[in-house]
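Let's take a friendly walk through a protein chain and see what holds its parts together. Have a look at the sequence and the 3D view first.

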Amino acid sequence: MQLYLVLLLISYLLTPIGASILGRCTVAKMLYDGGLNYFEGYSLENWVCLAYFESKFNPSAVYEDPQDGSTGFGLFQIRDNEWCGHGKNLCSVSCTALLNPNLKDTIQCAKKIVKGKHGMGAWPIWSKNCQLSDVLDRWLDGCDL
């Protein structure tokens with residue numbers, strides 16, 4: 001129990017100052033303004049769904065994947081082993097730039113990823129939770145775009 005409390009305290013202290021979870025409609029508006037609505041044929045609802053399941057709308061999220069040792073960064077959990085940082089860096093961006101809440105670099109990198117042969121299928125979590133969903137419209141309910 002003590003170890004759990006210590007780890008919880010450490011994770012709280014390591015959270016970047018000013019980091020915050022964005023609201024669903026805020027994310028939708030930012031992605032819309034960034035040109036993702038129907039980019040490569042994928043509706044805005046798909047992008048908002050992806051952002052929720054990857055990071056719970058946290059643009060500062062960083063998660064390590066214990067299966068392959070890669071680390072995901074930002075709203076869409078873009079992986080360092082291929083898209084940013086020390087890997088292939090196909091987005092030509094630092095991984096820390098993907099943690100910026102203005103989402104500019106995140107959106108540009110996501111566009112490069114979705115243009116690839118897998119489209120949004122490059123995110124397995126999208127394939128699992130969003131691709132065949134019959135309730136995608138709910139992601140924009142009440143949002144003023």
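What follows is a short tour of the overall layout, the disulfides and a salt bridge.

**Ground rules**

This is a predicted model, where local features need pLDDT of at least 70 and side-chain atom pairs count only at pLDDT 80 or more, while totals for chains, interfaces and linings use all residues. Residues are numbered from 1 along each chain as its sequence is written, and side-chain values use heavy atoms, with hydrogens and water left out.

**The overall layout**

How many helices and strands does the chain have? The count is 5 helices and 3 strands. Both kinds are DSSP runs numbered from the N terminus: helices are H or I runs of at least four residues, and strands are E runs of at least two. Reading from the N terminus, the order is α-α-α-β-β-β-α-α.

The chain has 145 residues, and 41% of them count as buried. Here, buried means under 20% relative accessible area, exposed means over 50%, and partly exposed is in between (1.4 Å probe, protein chains only). The accessible surface comes to about 8600 Å², with 55% of that belonging to carbon and sulfur atoms. Such areas come from the Shrake-Rupley method with a 1.4 Å probe, and for residues only the protein chains shown count as cover.

What about contacts, meaning heavy atoms within 4.5 Å? Among those between residues at least 6 apart in sequence, 55% join residues at least 24 apart.

**The disulfides**

A disulfide is a covalent bond between the sulfur atoms of two cysteines. The rule used here is a pair of cysteine sulfur atoms within 2.5 Å, and by this rule the count comes to 4 disulfides. With bonded cysteines counted along the chain, the pattern is 1-8, 2-7, 3-5, 4-6. Here are some of them:

| Pair | S to S distance |
|---|---|
| Cys-25 and Cys-143 | 2.0 Å |
| Cys-84 and Cys-95 | 2.0 Å |
| Cys-91 and Cys-109 | 1.9 Å |

The disulfide Cys-25 to Cys-143 is listed by UniProt and is formed in these coordinates. Cys-25 sits in helix α2 (residues 24-33) and Cys-143 in the segment after α5 (124-129), so this pair ties together parts that are 118 residues apart in sequence. Cys-25 is partly exposed at 28% relative accessibility, whereas Cys-143 is buried at 15%. The torsion about their S-S bond is about -80°, so this disulfide is left-handed.

Next, the link of Cys-84 and Cys-95 is right-handed, with 95° about the S-S bond. Cys-84 and Cys-95 each lie in the loop between β3 and α4, so the pair ties together parts that are 11 residues apart in sequence. Are these two buried or exposed? Both Cys-84 and Cys-95 are buried.

UniProt also lists a disulfide between Cys-91 and Cys-109, and the model agrees. Cys-91 is in the loop between β3 (78-79) and α4 (104-114), while Cys-109 is in helix α4, so the pair ties together parts that are 18 residues apart in sequence. Cys-91 counts as buried at 6% relative accessibility, and so does Cys-109 at 1%. Their S-S torsion is about 80°, so the disulfide is right-handed.

One caution about the record: UniProt positions are given in the numbering used here, feature names are shortened, and annotations may be inferred rather than shown by experiment.

**A salt bridge**

A salt bridge is a side-chain nitrogen of Lys or Arg within 4 Å of a carboxyl oxygen of Asp or Glu. A search of the whole structure finds 1 salt bridge. Which side chains meet in a salt bridge? Those of Lys-29 and Asp-33 do, at 3.1 Å, N to O. They are 4 residues apart in helix α2, so about one helical turn separates them. Lys-29 is partly exposed at 33% relative accessible area, and Asp-33 is exposed at 51%.

Note on methods. Contact = heavy atoms within 4.5 Å.
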